[in-house]
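Let's walk through this model together, one part at a time. Keep the sequence and the 3D view open as you read.

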Amino acid sequence: MTTTDPHIRAVCQWCQATSAAGATACATCGAPLDGAPLHTVSGWRASPKIKDHTAIRFGTGSGLAVEGDIVPSVELALDPSDGMMFHHHRLLWKEHHLPLTAMRTGGSMITLMGEMSRVMLSASGPGRLAVSHGQAGELVVLPVRPGQAIDVGEGSFLAANHVLGYTIEKLQGSLRSKLRSTEGFYMERFYATEWPGLLVLHAQGCAFERTLADGEHLLVDPAAFLYKDHSVSFTTEKMDVTTGVMGWKGLFMMRVVGPGRVGIESGSMAD
Amino acid sequence: MSLVTACGWCGTTFDPGAQPSCPRCGAPAGQAIESTHGGWIETPALAAHTIIQMGRSSARIEGAQNPVLFCSLADGDQMSFGHRNLLWLDPTVRMDSVKTASSWAAIATEVPWRQIVATGPGELGLAAGRAGELGVLPMDPGAAVVARPPALLAAAVGLGLGLVPAPISYWEQDDDTTVQRFPMGRYLVRLAASSAPSVAFVVARGDLNVRRLGIDEPLLVHPASVAWYDESVRWRGSVELLRGRSAAFPLGGLASFGSLSLGSRSWTGPGAVLWAEAFGPGRVAVSTAAFPASMPTVRQRFQIDKRVTSEIAWD
């Protein structure tokens with residue numbers, strides 16, 4: 001058995017996709033293939049540190065390259081039949097001839113009331129552009145398979161290819177007044193129907209993921225919430241803990257219930 | 001016989017057996033300069049303990065995410081920097097200050113009113129106080145670069161510093177008031193080497209990427225992310241009208257400042273992206289996180305769309 005055998009494939013420990021034997025990074029999500037994922041005792045696993053210059057293929061021939069370590073940026077090379085969507089304020093540079101199109105993403109009142117950008121842009125190839133989140137952290141690349149849907153906390157979405165569907169999901173009730181974060185009023189949902197897609201998130205600080213079994217539940221700080229599978233449900237709970245003067249109890253947590261994955265970030269905790 | 005190598009970043013020749021990194025810019029010896037497919041070059045990642053030689057003086061770089069510059073100044077050698085960047089200094093170092101901006105400019109912008117000038121002998125430590133990549137800019141005689149003031153960490157002796165107005169601004173009219181906006185900042189710092197080679201130290205917000213532009217080669221970048229550029233680079237502002245969001249421009253397109261004519265009030269909704277358009281020749285360095293600047297926010301952009309479109313006067 002040699003690594004030149006085309007039947008031998010390396011399996012990515014992060015997204016389970018296979019790459020050519022001998023590859024140093026997963027061709028689907030960019031995770032390094034030369035190490036086992038780090039699991040904490042409690043079952044969280046750190047998202048893979050995507051190395052500088054890692055290239056990821058998607059669509060019909062487009063490429064995505066991760067550049068930088070402190071505030072990583074994503075350089076996109078779009079094939080003529082591919083497109084990418086992103087929020088307008090994430091743009092870093094673009095080629096002169098690459099046109100941008102504004103996508104309609106729902107009522108303006110929804111986005112004005114939340115902290116979310118009103119403008120989702122779409123760029124169609126051929127051409128190159130780069131996007132960056134503008135905060136120190138790391139990238140989380142999530143392949144989205146047909147039938148799969150991922151809910152993303154506000155402010156964490158960086159880019160997704162155009163085969164993914166997109167909706168803005170309003171959270172139940174008046175959660176904003178309960179959550180100590182000023183963000184988190186809405187989630188962005190990305191889903192794949194017929195074709196697999198690619199979703200790129202930016203985690204402030206470090207990102208961790210935990211897979212919950214059916215019915216398994218967990219309390220997560222709302223400000224640390226990064227993403228979840230659509231199959232994961234959640235409620236908001238007021239903790240019976242005094243956090244202020246006069247016995248004020250102001251600590252709220254998200255109770256997330258499996259099955260599915262939950263992602264958190266370490267750098268966005270409220271002051 | 002000694003072997004010498006040419007630094008892939010700045011072209012300086014040095015003996016890699018004697019020094020692990022380029023003495024002028026700190027790029028590790030033997031490290032190929034990698035560019036992205038889009039033509040961007042990442043500033044070389046400086047190894048810990050990298051030493052930059054500045055004549056008889058030197059600077060040592062420590063730390064990666066929040067780098068610190070440990071300067072060892074020879075007797076009579078000078079280094080200038082903003083007072084907010086000073087971490088510590090030896091009592092033997094003499095300190096003075098020179099006026100670099102009018103008090104009005106200092107109030108109106110982030111430019112320090114006076115620049116500290118430290119004179120050796122002795123050591124001092126400088127830091128930007130934020131997460132960001134440190135870039136070393138060797139300057140040959142006659143060379144000049146323009147930097148965003150928050151990006152400039154320090155300049156060695158021999159560099160002339162002066163403020164220049166930002167090349168891009170626009171007017172935003174809101175009911176009775178008219179405000180001039182500066183998406184690249186109000187003033188920039190021009191660094192010019194006079195008769196001797198010198199060096200400047202810049203700190204990005206996040207990572208620092210550089211693009212070399214050919215003659216008249218255009219490039220669209222986020223205005224607030226520009227960290228520094230060669231003085232030979234020319235700039236103009238551009239507004240990209242998004243496809244499908246403008247009755248006046250149904251196919252979208254790019255309109256440059258000065259030639260923009262937006263007379264139609266039927267242009268509603270979020271419909272434009274503001275760009276800084278660079279033209280070569282020269283280098284443009286961009287931070288992956290934006291510097292503070294007067295950029296339209298989403299809601300300001302909404303105002304622009306709704307009310308100010310036809311009243312915007314572009315420089």
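**Confidence first**

Within chain B, confidence is highest in strand β22 (residues 226-230) of chain B, at a mean of 96, and lowest in strand β27 (residues 313-314) of chain B, at 28. Please keep in mind that this is a predicted model. For chain B as a whole, the mean pLDDT is 78, with 75% of its residues at 70 or more. Over residues 255-270 of chain B, pLDDT stays under 50, and the model has 44 contacts for them beyond four places in sequence. Residues 296-315 of chain B also have a pLDDT below 50, and that stretch has 41 contacts in the model beyond near neighbours in sequence. Where pLDDT is low, the predicted coordinates should not be read in detail. For the complex, the predictor reports an ipTM of 0.75 and a pTM of 0.80.

Now for the overall make-up of chain B. Its secondary structure comes to 2 helices and 27 strands. Of its 315 residues, 44% are buried. Among the contacts in chain B with a separation of 6 or more, 72% are between residues 24 or more positions apart.

One pair to look for is P165(B), whose bridge partner in β18(B) is Y187(B).

**An exposed residue in chain B**

Is T13(B) buried or exposed? T13(B) has 10 C-beta neighbours inside 10 Å, so it counts as exposed; the cut-off for exposed is 12 or fewer. Leaving aside neighbours within four places in sequence, the residues in contact with T13(B) are V4(B), T5(B) and A6(B).

**The core, seen from chain A**

Next, look inside. The largest nonpolar core has 146 residues, of which L201(A), A147(B) and V202(B) touch the most other members. Which residues does L201(A) touch, not counting those up to four places away in sequence? They are V140(A), L142(A), V152(A), S156(A), F157(A), L158(A), L226(A) and Y227(A).

V140(A) is also the bridge partner of L201(A), which sits in β17(A). The strands concerned are β12(A) and strand β17 (residues 197-204) of chain A, which pair in the antiparallel sense over 8 bridges. Strand β12 (residues 137-144) of chain A is mostly covered, with 8 of its 8 residues buried.

**A three-stranded sheet in chain A**

Chain A also has an open sheet of 3 strands, ordered β19-β22-β21 with antiparallel pairing. Its edges are β19 (217-220) and β21 (233-238) of chain A; each has a single partner strand, so one side of each is left without a neighbour in the sheet. The twist here averages 30° from one strand to the next. Between β21(A) and strand β22 (residues 252-257) of chain A, which run antiparallel, there are 6 bridges. In that pairing, T236(A) stands opposite M254(A).

**Where the chains meet**

Finally, come to the contact between the two chains, which takes 29 residues from chain A and 32 residues from chain B. On the chain B side, strand β21 (residues 218-221) of chain B gives the most, with 4 residues. By class, this side has 12 nonpolar, 13 polar and 7 charged residues. Strand pairing crosses between the chains here: 2 bridges join strand β8 (residues 91-94) of chain A to β21(B), and the two run antiparallel. To find the place in your viewer, look for W93(A), whose bridge partner in β21(B) is V221(B).

Notes
Residues are numbered from 1 along each chain as its sequence is written. Chains are lettered from A and ligands numbered from 1 in the order in which they are written. This is a predicted model: local features need pLDDT of at least 70, side-chain atom pairs count only at pLDDT 80 or more; totals for chains, interfaces and linings use all residues. Two residues are in contact if their C-beta atoms, placed from the backbone, lie within 7 Å. Ala, Val, Leu, Ile, Met, Phe, Trp, Tyr, Cys and Pro count as nonpolar, Asp, Glu, Lys and Arg as charged, and the others, Gly among them, as polar. Two strands pair if DSSP finds at least two bridges between them. A residue is buried if 20 or more other C-beta atoms lie within 10 Å of its own, exposed if 12 or fewer, and partly exposed in between; C-beta atoms are placed from the backbone. pLDDT is the predictor's confidence in each residue, from 0 to 100. A nonpolar core is a set of buried Ala, Val, Leu, Ile, Met, Phe, Trp, Tyr and Cys residues joined through C-beta atoms within 7 Å. Axes are lines fitted to C-alpha atoms, for helices over the stretch in contact, and angles run from 0 to 180 degrees between N-to-C directions.
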